[in-house]
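I opened the model today to look up two things. The chain interface came first, then a pair of packed helices.

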Amino acid sequence: MKQLVIISGKGGTGKTTITAAIASMTENAIIADCDVDAPNLHLILEPEIIDTSDFYGMEIAQIDSEKCTGCNICIENCNFDAIHTDHSINSCKCEGCGVCEYVCPENAIKMINNPSGSVFNSMTRYGPMVHAELMIGEEASGKLVTAVKEHAASLANENEAELIICDGPPGTGCPVIAAITGADLALIVTEPSLSGIHDLERIIQVTDHFRIPAIVCINKYNINEGNTKQIESSCEENGIMVAGKLPYDTVPNKAMIGKKTIIEYEDNEFSEKLRNIWRKVRSKLCEDQ
Amino acid sequence: MKIAIASGKGGTGKTTVAVNLALSLQDAQLIDCDVEEPNCNLFLNRELDQLTEVSSMIPEIVEENCTYCKKCSDFCRFNAIATIPNKILTFPTLCHSCGGCIMVCPEGAIQEHEIVTGIIRKTSGDDKKSPELYEGLLDIGQTMASPVISELKKNIDPGKTSIIDAPPGTACPVLTTLEDVDYCILVTEPTPFGLHDLKLAVEVVRTLEIPHGIIINRSGSGDNSVEEFCMNENVEILMKIPHDTKIAQLYSEGIPFVQEMGHWKEKFIQLYSSIQDRYSREIET
């Protein structure tokens with residue numbers, strides 16, 4: 001079983017649109033939406049939820065005001081400024097480390113479970129899908145991404161699936177690192193803007209750092225063909241294959257509004273280009289077998 | 001006044017709005033809190049000087065004192081320390097720097113060791129062009145964005161207008177960015193994805209009780225669902241930036257469009273004064 005993760009360094013480059021299109025070109029794959037902060041894949045694939053499980057992030061501290069003598073030892077030892085002067089807990093700042101519980105001389109502090117989201121096992125018209133919802137302002141989105149991937153892996157085993165397709169989160173931080181861990185290939189979607197190039201360089205550093213093979217797709221390539229050339233030559237220098245280029249087109253928005261993948265929306269030049277990209281990604285995925 | 005630009009997701013045009021707004025104002029500060037991907041300076045192209053390093057303390061094991069009692073690894077809730085027979089391992093990128101392992105070690109075998117997780121930079125001293133830019137940059141492979149953002153925000157001058165470019169999403173780094181701002185502009189695009197993420201972003205600013213309004217970017221490229229949502233939910237649409245290939249091209253080249261399309265400067269100035277009006281009204285009520 002192989003794992004493909006679609007990432008981009010930044011948001012809005014077309015990760016989800018491409019993930020959905022790939023999902024509609026595969027058979028026997030598990031689809032996982034690892035963008036738990038702002039999941040969008042469900043808007044196109046319209047999963048029917050079969051099973052929901054609660055997600056608990058880090059525990060958080062709770063102070064028993066009857067036992068608390070106001071000695072402030074907890075406040076002095078909290079490295080996250082998470083305890084207010086009235087000895088209540090700022091749940092956004094509490095990292096759940098347990099230091100306050102450890103130092104409290106009155107045993108007035110307990111670490112309690114903190115429900116911070118849900119993981120859904122669902123079914124779509126293209127097969128099983130795992131997705132999640134993080135409660136607003138909750139931390140541990142990296143942990144939730146890991147939970148989504150674990151659910152996807154066990155579904156893949158049950159279904160004897162050949163592939164897990166992960167729609168990744170934007171950025172280069174904790175959730176992205178969680179999403180690419182264990183992946184066989186990262187498909188990096190970029191666009192030929194200065195910020196696109198900048199973010200591409202950063203995300204390639206991340207995939208290099210974690211030794212995940214990468215392949216690039218340039219979206220909206222004709223918005224700035226000079227920048228597109230620059231991306232192509234820097235990929236060549238770094239030994240990264242460009243799987244293909246997609247033009248700026250109204251097709252992705254129209255398909256999105258119609259809740260369809262680009263492949264389903266219409267057979268046209270744009271969808272043909274995507275089919276070619278998928279062929280290249282698939283052969284790259286199979287290379288190391 | 002501190003105005004944050006947020007959006008729930010990436011790629012909607014936060015940085016575009018932040019840069020063009022800051023360039024339209026006199027003497028503004030631009031604070032780039034998207035520390036994973038700071039992009040504002042791609043459009044300003046200024047010389048930046050390093051101001052500070054952001055560091056955190058991670059454990060360093062003094063192996064000759066360690067008895068492999070496991071107390072530290074049992075205590076660590078972040079799996080940053082593992083004890084196996086006669087061997088102890090630390091995983092610095094998982095460490096949240098709570099200091100608990102040092103407290104629980106009965107042998108004094110753990111020392112704190114400082115590592116750099118990011119840097120804060122600002123436009124260099126002799127660069128008097130408006131606006132003054134501050135950015136945070138998280139080191140590759142590091143997971144903790146919030147400490148870099150908190151350090152960056154210490155540079156906000158309460159006597160100036162600060163335009164704060166927020167990271168995408170609705171998780172902790174966004175909350176750290178939005179904490180104590182006066183007003184939040186939410187940038188969205190008129191598509192189902194844009195609407196979905198806008199709803200999350202509105203929930204965040206409502207929870208934090210921050211006055212807010214919407215800018216629709218690439219207006220005309222999608223459907224009317226965002227406008228319908230704003231009408232039903234009584235959320236003000238502050239501005240629409242049309243879907244325009246000229247703007248997209250300037251963006252791709254890293255040119256702020258107010259520089260080439262002068263009439264937009266006026267629009268951003270008007271936007272700012274209407275936000276000021278609204279803010280002072282909200283403060284009164």
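I counted four salt bridges between chain A and chain B, taking a salt bridge as a side-chain nitrogen of Lys or Arg within 4 Å of a carboxyl oxygen of Asp or Glu. In one of them, Arg77(B) pairs with Glu59(A), and the closest N and O atoms are 2.3 Å apart.

This is a predicted model, with residues numbered from 1 along each chain as its sequence is written. Local features need pLDDT of at least 70, side-chain atom pairs count only at pLDDT 80 or more, and totals for chains, interfaces and linings use all residues.

Next I looked up the extent of the interface. I found 58 residues of chain A in contact (heavy atoms within 4.5 Å) with 52 residues of chain B. The two chains bury about 4,600 Å² between them, 61% of it on carbon and sulfur atoms. Buried area here is the accessible area (1.4 Å probe) that two parts lose on being put together, summed over both.

Then I turned to the helices of chain B. Helix α1(B), residues 14–24, packs against helix α11(B), residues 263–284, at about 90°, with the axes 9 Å apart. The axes are lines fitted to C-alpha atoms over the stretch in contact, and angles run from 0 to 180 degrees between N-to-C directions. So α1(B) is roughly perpendicular (65 to 115 degrees) to α11(B). On the α1(B) side I noted Val17(B) and Leu21(B), among others; on the α11(B) side, residues including Phe268(B) and Tyr272(B).

Definitions and conventions:
Chains are lettered from A and ligands numbered from 1 in the order in which they are written. Side-chain values use heavy atoms; hydrogens and water are left out. Helices (H or I, at least four residues) and strands (E, at least two) are DSSP runs, numbered from the N terminus. Angles under 35 degrees count as roughly parallel, over 145 as roughly antiparallel, 65 to 115 as roughly perpendicular and the rest as oblique.
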